[in-house]
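Open the model in a viewer and keep the sequence panel beside it. The stops below say what to select and what is there.

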Amino acid sequence: MAIVEVVKYNGEPDVLAWKFPSEELGTWTQLIVNESQEALLFKGGKALDLFTGGRHTLETANIPILNNIINLPFGGTSPFTAEVWYINKLYLLDIKWGTPTPIQLQDPKYKIFAPLRSFGQFGIQVEDSRKFLIKLVGTLPKLDKQSIVKFFRGLYLTKAKDAISSYLVKKQISVLEINAYLEELSDYLKERMAPVLEEYGIKLVNFYVNDINVPEDDPGIAKLKDALAKRAEMDIVGYNYVQERSFDTLEGAATNPGSAQAGLMGAGIGLGMGVGVGGTFGQQLGGMSRNILNMHNMKNCPKCHNEMGSEQRFCGHCGMDTLQPTGPSAESNKTTCSSCSAEYSKNVKFCPECGNVYTPCQQCGADLKDGADVCHICGRETPTPCPKCGNSVAKNVKFCPECGESLVKKCSKCNSVIQDNAKFCPDCGNKL
């Protein structure tokens, strides 16, 4: 009978459980266990003593459980038979996983069916050597990393498919946006898988979902990407799908030779192309369409002479109610005195009743009241005479367009610029 003197690990680096080839162990046999390993003795199919890192001498005094099982008739120096299993306690962090077939699910945001593929990696460590050997290894001569991937493939595939599908549906996330949530999915899957691996004495150190993608040649995904690209283009330019369709409709009508208004609409569309796209384009296009329909049914505002639709009551430029009487017409040769309300011809310079000076409004010809800033008939601002040449000058003008005289109000004492309604100079206090 052979006597084994030294027992040590001779397996490969990525092996999690390795059985020593010989089962004949004698007293004083040296058992060497690395710090990253544990050794477990089996006798008669039962797991007995567990040894941690270091050098151990196998004798009945050092193997209490084995000493209680076997009967040594040779004074404790006889050889005995037992199996020695080495379990690596190191961390395996590069175990790859992936979905062999795409996950078919409906995009909760865009309602299209899309095939998803996912892959990543995870890390494990044998935490309970006795439970790991009894429940997972059994009678196998060794258990390596590939075997672990094979054993738990059904687990991580099922959990990954369920997690990704439920996460998309509950969070209402598109398949094109799922990669922004990989960290949350990884943590979620780790929580779901850790209790299952723990039953086999394995600790799940980490679980990562590195990528979730869809095939580039899938027709549904290709259409979705085209539509999203089109929407992004519309957002950048500043118009929406309804406006684009309206433009297409008008363009089609303009190019249709059977349309009665094709030439006019084509001209309007050509002009509209120069208008800024966006809200302004929509307003111009809408106004152009209304003008096409109402071009033969227009009228002028009696107050500001702005062109408006004949069915409109209020002027869009000055707000005048066109159904209310406006007094003497601006186009007539009569006006009303602003002092005594007597009606007289616009050709005179003084009111024939009270002698008030006729100060005509440059727009409607009404007699302006003394000191009035705006015309009480048409609402136009009244001009001011130039102090040098007497020419009528609009307000907020700094120089007379006829003689170049400065119209900015200045202090007579310090020549500082002051406001029109000021009574004292803000610099020197001079009374104006």
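The tour goes from confidence to strands, then to single residues.

This is a predicted model, in which local features need pLDDT of at least 70 and side-chain atom pairs count only at pLDDT 80 or more, while totals for chains, interfaces and linings use all residues. Residues are numbered from 1 along each chain as its sequence is written, and side-chain values use heavy atoms, with hydrogens and water left out.

**Confidence**

Colour the chain by pLDDT, the predictor's confidence in each residue from 0 to 100. The protein chain averages 75, and 74% of the residues score at least 70. Helices (H or I, at least four residues) and strands (E, at least two) are DSSP runs, numbered from the N terminus.

Next select residues 259-278, where pLDDT stays under 50 and the model has 30 contacts beyond four places in sequence; contact means heavy atoms within 4.5 Å. Residues 69-78 also stay under 50, with 9 contacts beyond four places in sequence.

Select strand E11 (residues 113-126). Of its 14 residues, 10 are buried, so the strand is largely enclosed by the rest of the structure. Buried means under 20% relative accessible area, exposed over 50%, and partly exposed in between (1.4 Å probe, protein chains only).

- Strand E9 (residues 92-98) runs antiparallel to E11 and is joined to it by 5 bridges. Here glycine 98 stands opposite phenylalanine 119.
- Strand E10 (residues 103-106) is also antiparallel to E11, with 4 bridges. Isoleucine 103 has leucine 116 as its bridge partner. E10 and E11 form a hairpin with 6 residues between them, and lysine 111 in the turn has a positive phi of about 65 degrees.
- E13 pairs with E11 in the antiparallel sense over 10 bridges. Phenylalanine 122 faces phenylalanine 207 across this pairing.

**The five-stranded sheet**

Show the open sheet of 5 strands, whose order is E5-E4-E8-E2-E12 with antiparallel pairing. Its edge strands, E5 (46-51) and E12 (142-144), each pair on one side only. From one strand to the next the twist averages 20 degrees, taken between axes that are lines fitted to C-alpha atoms, for helices over the stretch in contact, with angles from 0 to 180 degrees between N-to-C directions.

Within the sheet, zoom in on strand E2 (residues 15-19) and strand E8 (residues 83-88), an antiparallel pair with 3 bridges. Tryptophan 18 stands opposite tyrosine 86 in E8.

**Single residues**

Go to serine 345 in strand E17 (residues 343-345). Serine 345 is buried, at 19% relative accessible area. Leaving aside neighbours within four places in sequence, serine 345 is in contact with Asn333 and Lys334.

Then select glutamate 307 in strand E15 (residues 307-309). Glutamate 307 is exposed, at 53% relative accessible area. Beyond four places in sequence, glutamate 307 is in contact with Met298, Lys299 and Asn300. Histidine 317 lies 10 residues from glutamate 307 in sequence and 9.0 Å away in space, C-alpha to C-alpha.

Finish with the cysteines. Cysteine 361 is buried, at 9% relative accessible area, and cysteine 428 is partly exposed, at 32%. How many disulfides are there? The count is 0, where a disulfide is a pair of cysteine sulfur atoms within 2.5 Å.

Methods: Pairing = 2+ DSSP bridges.
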